[in-house]
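Subject: Structure handover

Hello,

Here is the structure I promised to pass on. Please open it first, then read my notes below.

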Amino acid sequence: PHAIRLEGDLTLGGLFPVHARGPAGVPCGPVKKEKGIHRLEAMLYALDRVNGDPHVLPNLTLGARILDTCSRDTYALEQALSFVRSLLPPEGGEGRCPDGSAPRRPPPERLVGVIGASASSVSIMVANVLRLFA
């Protein structure tokens, strides 16, 4: 539920602590304005500037999938795995629609990099997982 998605030819992932760590049993707490929202806004601003200048990336647009880490390393790792899940084939094979035709699935995201997380320990964990899937 804590995600932003912008369509583009190439997708950048983002992992930011938009919310603070929640109490026991709840992953997310209150919004973090300075260290969370500001970083999120900086990425969106940069994407807007790049996409708005036809000389920077002619004929290409950058998209984004930005996820909230909720200032929790295990939650950040779980969020990063959603980047990987979008590349994997669906469970149970291809399957069939009620009319017998093959299902239409959107093409996999062309995720070219991930920005974040804010803590080095989280970034190292996320990088190790994402490295497995190139």
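A residue counts as buried when its relative accessible area is under 20%. Cys70 has a relative accessible area of 0%, so Cys70 is buried. Please keep in mind that this is a predicted model.

**Overall layout**

The protein chain has three helices and six strands. Along the sequence they follow the pattern β-β-β-β-α-β-α-β-α. The chain holds 134 residues, and buried residues make up 30% of them.

**The disulfide**

How many disulfides are there? The count comes to one. Cys28 and Cys70 form that disulfide, with their sulfur atoms 1.7 Å apart. The pair links distant parts of the chain, 42 residues apart. Cys28 sits in strand E4, residues 28-31. Cys70 lies in the loop between strand E5 (62-68) and helix H2 (73-85).

Which hand does the disulfide have? The torsion about the S-S bond is about 70°, so the disulfide is right-handed.

Is Cys28 buried or exposed? Its relative accessibility is 14%, so Cys28 counts as buried. Cys70, as noted above, is buried too, at 0%.

Most residues other than glycine have a negative phi. Phi of Cys70 is near 55°, a positive value in a residue other than glycine.

Ser71 is also in the loop between E5 and H2. Phi of Ser71 is near 55°, again a positive value in a residue other than glycine. What about its accessibility? Ser71 has 24% relative accessibility, so Ser71 counts as partly exposed.

**H2 against H3**

Next, the helix pair. H2 packs with helix H3, which spans residues 120-132. Their axes are 10 Å apart, at an angle of about 25°. Angles under 35 degrees count as roughly parallel, so H2 is roughly parallel to H3. The crossing of H2 past H3 is right-handed.

Which residues meet there? From H2 come Asp73, Ala76, Leu77, Ala80, Leu81, Phe83 and Val84. From H3 come Val122, Met125, Val126, Val129 and Leu130. By class, the contact of H2 with H3 has 11 nonpolar residues, no polar residues and one charged residue.

**Gly116**

Last, one glycine. Where is Gly116? Gly116 is in strand E6, residues 111-116. The relative accessible area of Gly116 is 31%, so this residue is partly exposed.

What does Gly116 touch beyond its neighbours within four places in sequence? Gly116 is in contact with Leu15 and Ser123. Phe16 is 100 residues from Gly116 along the chain, yet their C-alpha atoms are separated by 6.2 Å.

**Where to start**

I would begin at the disulfide of Cys28 and Cys70. From Cys70, go along the loop between E5 and H2. Then turn to the packing of H2 and H3. Finish at Gly116 in E6.

Best wishes

Technical notes. Residues numbered from 1 in each chain as written. Predicted model: local features only at pLDDT ≥ 70, side-chain atom pairs only at ≥ 80, totals over all residues. Heavy atoms only, no water. Helix = DSSP H or I, 4+ residues; strand = E, 2+ residues; numbered from the N terminus. Buried < 20%, exposed > 50% of the residue type's maximum accessible area, 1.4 Å probe, protein only. Contact = heavy atoms within 4.5 Å. Disulfide = S-S within 2.5 Å. Axes fitted to C-alpha atoms, helices over the stretch in contact; angles between N-to-C directions. Parallel < 35°, antiparallel > 145°, perpendicular 65-115°, else oblique. Left-handed = near helix turned anticlockwise from the far one by under 90°. Nonpolar A, V, L, I, M, F, W, Y, C, P; charged D, E, K, R; others polar.
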